[in-house]
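Here are some notes for a first reading of this model. Please keep the structure open while going through the points.

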Amino acid sequence: MKSVVFALLISCASAFTMAPMAKPTTSLTAELQSMAGATAPLKGFDPLNLATLGSEETLLWFRAAELKHGRVAMLATTGYLVQGAGFHFPGNLATGTTFESLSSMKPFDAWDAVPDSGKAQILFTIFLAEVISESKGVHYTKGGDLPTIVFPPIDFSGVDAATVATKRNRELNNGRLAMIAIMSFIAATNIPGSVPALAGNAAF
């Protein structure tokens, strides 16, 4: 089931790819240096020169993808830690499946124990959020705003520009760290001993 989920996520992302358009490499590199998230200690970190692939639209698509994956990774990391610590909602998730019984399992085992109808609802909600974020106003690759959080909606219109810029940097950097964290959790769960810091932890 895990491989199906990963394949679905990859296919959803690939659906929004676009034909590359030519643009000078130096211009794209300079743009990367000025984008949100270009902070110390790795300002403009791009060892594979991905920012120079395609056009400005491609670079904006990469940024949106990073933003979305970072948000999902932060939720996944938090959920994994909460589940691993044994915290759970009261009552039943479905007939014959209690939240308490799921909390006694490792997080990936708990996902496998969720009824297929529940998994379908979760995946449909993710798909719906993706469609809504991609369909709002002018697309971000055409000069529109980058994807915002669909639920709960957050209004930053009354916040000054400097504070918003700081929050954007924090969101991107925290998302990057969360992507590393959830990848390490997945590795530790599927390949025992691959992450020494997590070896012997009951949650893995």
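1. A residue counts as buried under 20% relative accessible area, as exposed over 50%, and as partly exposed in between. The model discussed here is predicted.

2. By that scale, G79 is partly exposed, because its relative accessibility is 35%. G79 belongs to helix α3, which covers residues 56-84.

3. Helix α6 takes in residues 116-134, 19 residues in total. From its first C-alpha to its last, helix α6 reaches 27 Å, close to the 27 Å expected at 1.5 Å a residue.

4. Which residues of α6 are buried? They are K119, L123, E130, S133 and E134. These residues sit on the same side of α6, because they cover an arc of only 100° around the axis. In general, an α-helix has 3.6 residues a turn, so residues three or four places apart point the same way.

5. The face of α6 turned away from the buried side carries exposed residues, namely Q121, F124 and T125. The reader can check this by looking at α6 with K119 and L123, two of its buried residues, turned to the back.

6. S133 is part of helix α6. Is S133 buried or exposed? S133 is buried, because its relative accessible area is 12% and the cut-off for buried is under 20%. The side chain of S133 reaches the backbone oxygen of E130 at 3.0 Å; E130 is also among the buried residues of α6.

How values were computed
Residues numbered from 1 in each chain as written. Predicted model: local features only at pLDDT ≥ 70, side-chain atom pairs only at ≥ 80, totals over all residues. Heavy atoms only, no water. Helix = DSSP H or I, 4+ residues; strand = E, 2+ residues; numbered from the N terminus. Expected span 1.5 Å × (residues − 1). Buried < 20%, exposed > 50% of the residue type's maximum accessible area, 1.4 Å probe, protein only. Arc of directions from axis to C-beta. Polar contact = N/O pair within 3.5 Å; in protein donor to acceptor, adjacent residues only side chain to side chain.
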